Amino acid sequence: MRRLTVWRKRIAAALEWSPVDKGLILMAMAIPLYLQYFLWSLYVISRPDSHSLVHTEVVKRVMEVELLLIAIGSLIVIAGIFLRRRRPDYLPFQHATLQYYSLSLVLMSYSIGTLSFPVGIVLLGAPIFGFILLNRRAVWWAAASAFSLLMALSYAAASGDIPYAPSKVPPASSHAFTFWMLSELFFAAPFLILITFMADQMLTWWRDREDQIRELSRRDGLTGLANRRHILSEADAATARARRDEQPLAVVILDLDHFKRVNDSHGHGTGDRVLKASAERLSAALRAGDSVGRYGGEEFLLVLPNTDASEAHAVAERCRLSLQALIVHNDQGLRVPVTASFGLTLLSPTDSSVNAAIGRADEALYQAKGHGRNRVETLLAGSGMVPSDAFSKAPQA
Ligand SMILES: Nc1nc2c(ncn2[C@@H]2O[C@H](COP(=O)(O)OP(=O)(O)OP(=O)(O)O)[C@@H](O)[C@H]2O)c(=O)[nH]1
């Protein structure tokens, strides 16, 4: 099962393969097909009723062509194996494999009829699959060659210059008709299975990759927290919910104190470590449902749904004490003191958007800096600054 998963991942990640490897995978699909057709030919001419189903002489000639195609295909594979280490990006190899694949399939299809069911499947599936996986220009060239050959053979057959579907004896009985119907399904089955399977795997892989990219675009590279854009969009969503449910929403901005000094005295690397450790502390101090993001260089934004001023003050205090207790060492092993100042507010019905509340929290933060840092200040719309002792159990360091 684990092996299957590994192979699934490999197949799904085929977009990343080198052009030579992609050419080789095409050959790995084509050669077994000719083996499959060869075995079918062998089977059909050995049947006692073969004369009522196929023109055996033609089928024997087709078998020679199949063997020739297998031999040519094997030579191309040997060339590919030779190239894959030395020149994995050698695009002409992909052109060669695509031309081989498309022209030989059209040629093979001629013997059972250029307008048959398997040809339709190949014509439809191969370019879609090819455009996703292979070089576009090479696929266009191969599609153009295959289409030209298909048209030339169809035109020659229509004009009576060559027979149409020379292998086939036109089904004269329901038995012969069933035989041909099953044979055509047998020819088309590998394409149907392979194209469906590959499309499923690749689309799954694409979706996973899209999810990863979306996640990356939302995260701050250093701290792993939501980045500014994402925390603001979370704040917007929380605002809409708070207004709909008529619940309070608290917004807190915090800024590490004298962070320039940390960088200047201990180096940027230590500064980065402080930011990462602070982010971890903040995430750990919040409840499920609260959000935290990196709002600026050393500024973080907390969005606390269903939280009134007193609860939000307690959360901010908890974060403040947690940061104050943080132990980060510089490269020389000295402890770097970390504290932060906090500005808190609640969303007010008069706020046109969450940005108004963020602006107020920023103003409160400015006050916290002015009042000596490492403290929480609250500014509420309508009531102005709220003294810290208005909240029960709100100790300041
Ligand atoms: N190491 C590191 N430093 C950063 C990063 N982003 C911003 N900074 C630094 O953070 C410092 C912020 O300094 P200031 O805005 O002057 O504020 P402060 O020194 O914290 O002073 P107060 O806010 O008044 O307490 C600047 O030196 C920025 O270079 C980062 O990703 N990594």
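**Entry 1. The whole chain**

I began with contacts between residues at least 6 apart in sequence, and 72% of those in the protein chain join residues at least 24 apart. I am working on a predicted model. I counted elements next: the protein chain has 13 helices and eight strands. Of its 397 residues, 31% count as buried.

**Entry 2. The cores**

Which residues have the most contacts inside the largest nonpolar core? I found Val251, Val252, Phe342, Leu344 and Ala361, in a core of 44 residues. At least two residues of this core come from each of α9 (228-245), β1, α11, β3 (299-305), α12 (309-324), β6 (340-346), α13 (354-370) and β7 (376-380). I also noted a second, separate core, which has 28 residues. Tyr37, Leu83, Val106 and Val119 are among them. As background, nonpolar side chains in soluble globular proteins tend to be buried together.

I then looked up Val251. I left aside its neighbours within four places in sequence. Its contacts are then Ala235, Val303, Thr345, Leu347, Val354, Ala357, Ile358 and Ala361.

Leu254 sits in strand β1. Is Leu254 buried or exposed? It counts as buried because it has 27 C-beta neighbours inside 10 Å, and the cut-off for buried is 20 or more. Not counting residues up to four places away in sequence, Leu254 touches Phe300, Cys319, Ala340, Ser341 and Phe342. I also checked Leu254 against Ala368: they are 114 residues apart in sequence, yet their C-alpha atoms are 9.6 Å apart in space.

Val292 belongs to strand β2 (residues 291-294). Val292 has 23 C-beta neighbours inside 10 Å, so it counts as buried. With residues up to four places away in sequence left out, Val292 touches Leu225, Leu282, Ser283, Leu286, Phe300 and Leu302. From Val292 to Ala279 I read 13 residues in sequence and 8.5 Å in space, C-alpha to C-alpha.

**Entry 3. Helix α4**

Helix α4 covers residues 56-86, which is 31 residues. It reaches 45 Å from its first C-alpha to its last, close to the 45 Å expected at 1.5 Å a residue. Which residues of α4 are buried? My list reads Val59, Val62, Glu66, Leu69, Gly73, Ile76, Gly80 and Leu83. Residues three or four places apart point the same way in an α-helix, because there are 3.6 residues a turn. The buried residues of α4 pack against α2 (19-46) and α5. Leu83 had already turned up in the second core.

**Entry 4. Helix α7 and the record**

Helix α7 runs over residues 136-158 and has 23 residues. First C-alpha to last, α7 reaches 32 Å, close to the 33 Å expected at 1.5 Å a residue. Its buried residues are Ala138, Val139, Ala142, Ala146 and Leu150. What covers these buried residues includes α5 (91-112) and α6 (117-133). After α7 comes Gly160, with a positive phi near 85°.

The entry is unreviewed, and for "transmembrane region" it lists residues 24-45, 65-83, 103-126, 138-157 and 177-199. I checked two of these ranges in the model. Over residues 138-157 the chain is 100% helix and 0% strand, with its end C-alpha atoms 28 Å apart. Residues 177-199 are also 100% helix and 0% strand, and there the end C-alpha atoms are 32 Å apart.

**Entry 5. The ligand shell**

Which residues come nearest to the ligand? Of the 17 around it, they are Asp257, Phe259, Lys260, Gly271 and Gly297. β1 (249-256), α10 (259-266) and α11 (268-285) are the elements that give two or more residues to this shell. By class, the shell has four nonpolar, five polar and eight charged residues.

**Entry 6. Positive phi in loops**

Most residues other than glycine have a negative phi. I noted two residues with a positive one. His258 is not a glycine, yet its phi is positive, about 45°. His258 is in the loop between β1 and α10. It counts as partly exposed because it has 15 C-beta neighbours inside 10 Å.

Asn374 also has a positive phi, near 45°. Its place is the loop between α13 and β7. Is Asn374 buried or exposed? Asn374 is buried, because 21 other C-beta atoms lie within 10 Å.

Conventions
Residues numbered from 1 in each chain as written. Predicted model: local features only at pLDDT ≥ 70, side-chain atom pairs only at ≥ 80, totals over all residues. Near = placed C-beta within 6 Å. Helix = DSSP H or I, 4+ residues; strand = E, 2+ residues; numbered from the N terminus. Nonpolar A, V, L, I, M, F, W, Y, C, P; charged D, E, K, R; others polar. UniProt positions renumbered as here; feature names shortened; annotations may be inferred. Buried ≥ 20, exposed ≤ 12 C-beta atoms within 10 Å, placed from the backbone. Contact = placed C-beta atoms within 7 Å. Core = buried A, V, L, I, M, F, W, Y, C linked by C-beta atoms within 7 Å. Expected span 1.5 Å × (residues − 1).
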